[in-house]
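Please read the following walk through one protein model with the structure open beside it. The text moves from the overall picture to a strand, then to charged pairs and aromatic rings.

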Amino acid sequence: LMIRRPPRSTPLYSSAASDVYKRQAIHRAKDGSCDRTSVPESLHKHFKGSFDNDLILTSTSLKDKRVIAVSSSPGKSRKSKLADVTKGLLDLLPPQDVIFGKNFTRCAVIGSSGILLRYQNGKEIDGHDMVLRFNSARTKGFEKHVGGKTTHRLTNSRNFGFRESKSEQVLVHLRTPGAMRALIQRLKQKNKSVLYGLNPQWYSYMDKNLNFLSTSGLNGILIALHSCESVRLYGFDVHPRHGVPYHYYNVKDKPANVGRDDNEWLVVKHLIENDFVELGEPCILECNLNESECQKCIK
């Protein structure tokens with residue numbers, strides 16, 4: 001977990017690949033050294049530790065398992081069966097984690113808020129090493145606002161496996177047997193556009209740390225924090241005070257999971273205020289605070 005809290009003027013820590021792959025919590029201490037012993041105390045409010053397993057389903061991670069099961073909901077120990085572990089399934093999966101096996105320096109996580117259309121941050125977004133998008137968020141026709149580069153994409157069951165180009169590494173949620181069957185069917189096609197299923201152990205990690213079912217957005221942020229030296233968020237605000245549509249690519253879409261989004265905002269706000277992530281647009285914190293501060297900032 002490459003979460004740290006350095007002063008903004010402090011150079012970010014870099015490490016040999018062998019050290020990075022341990023995926024221990026990293027933050028810079030006052031004496032300039034890097035602490036790998038625990039998640040920084042400022043993050044304990046939400047996350048007690050880092051995720052130290054494969055992010056995606058691999059044949060190695062399932063080697064000694066008979067069944068793939070996923071946690072039913074946050075705070076519950078009961079799990080639901082997704083599939084049996086068979087030789088045929090293991091042959092379809094990659095042997096190693098190709099996502100968490102690579103380290104990135106600068107990462108951009110792109111939400112789908114209409115606030116993206118208020119700014120022309122396309123070139124800035126494309127300047128990042130890793131650019132993570134969600135579901136069916138497309139870039140064509142919106143390049144000057146959202147950029148045109150996508151290295152990774154996280155999709156849910158409604159947008160299963162969506163991609164704009166074959167170069168994208170697409171992660172798919174695996175919360176239901178149907179999603180698992182869809183992944184297996186795609187992998188059997190053996191085309192060049194390979195999909196990667198999220199390891200159900202990842203959901204256990206998220207569910208144990210949160211008291212609500214996290215959206216793809218928060219999952220994407222945490223995935224980036226495990227992989228990147230710096231993380232910048234764009235398009236992650238849909239507060240009514242900004243007067244922007246829920247999705248920049250579909251102005252008719254209406255907000256979903258409002259209560260859950262409110263809970264998530266408190267987690268994201270904590271990450272922002274403690275310098276774990278940065279915001280790509282101005283006035284996000286202010287407009288979520290109150291009308292007066294929002295208008296003052298916008299002006």
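The paragraphs below start with the chain as a whole and then turn to particular residues.

This is a predicted model, in which local features need pLDDT of at least 70 and side-chain atom pairs count only at pLDDT 80 or more, while totals for chains, interfaces and linings use all residues. Residues are numbered from 1 along each chain as its sequence is written, and side-chain values use heavy atoms, with hydrogens and water left out.

The protein chain has 10 helices and 11 strands; these are DSSP runs numbered from the N terminus, helices being H or I of at least four residues and strands E of at least two. Of its 299 residues, 49% count as buried. Buried means under 20% relative accessible area, exposed means over 50%, and partly exposed lies in between, with a 1.4 Å probe and protein chains only. Among contacts with a separation of 6 or more, 63% are between residues 24 or more positions apart, a contact being heavy atoms within 4.5 Å. The chain exposes about 14700 Å², and carbon and sulfur atoms supply 49% of that area (Shrake-Rupley method, 1.4 Å probe; for residues, only the protein chains shown count as cover).

Strand β6 (residues 130–134) is largely enclosed by the rest of the structure, because five of its five residues are buried. In a regular strand the side chains alternate between the two faces of the sheet. In β6, M130, L132 and F134 point one way, and V131 and R133 point the other way. Strand β5 (residues 104–110) runs parallel to β6 and is joined to it by three bridges; two strands pair if DSSP finds at least two bridges between them. Here C107 stands opposite M130. Three bridges also join β6 to β7, again in parallel, with F134 opposite L154 in β7.

Next come the charged pairs. The structure holds nine salt bridges, each defined by a side-chain nitrogen of Lys or Arg within 4 Å of a carboxyl oxygen of Asp or Glu. One of them joins K87 and D91, with the closest N and O atoms 2.9 Å apart. These two residues are about one helical turn apart because they sit four residues from each other in helix α2 (residues 87–92). Both K87 and D91 are exposed.

Another salt bridge joins R175 and D207, at 3.1 Å from N to O. R175 lies in the loop between β8 and α5 (177–188) and D207 in helix α6 (residues 200–209), so the pair ties together parts 32 residues apart in sequence. R175 is partly exposed at 25% relative accessible area, whereas D207 is buried at 4%. Elsewhere, E124, R232 and E278 are linked in a network of salt bridges.

What does a search of the whole structure find in aromatic pairs? The search finds eight, where rings of Phe, Tyr and Trp (its six-membered ring) pair if their centres lie within 6.5 Å, and planes under 30 degrees apart count as stacked, over 60 as edge-to-face and the rest as tilted. The rings of F51 and Y205 have centres 5.6 Å apart and planes at 50°, so this pair is tilted. F51 is in the loop between β2 (34–35) and β3 (67–71) and Y205 in helix α6, 154 residues apart. Both F51 and Y205 are buried. The rings of F142 and Y248, with centres 5.2 Å apart and planes at 80°, are edge-to-face. Both F142 and Y248 are buried. Ring pairs also link F51, F100, W202 and Y205 into a cluster.
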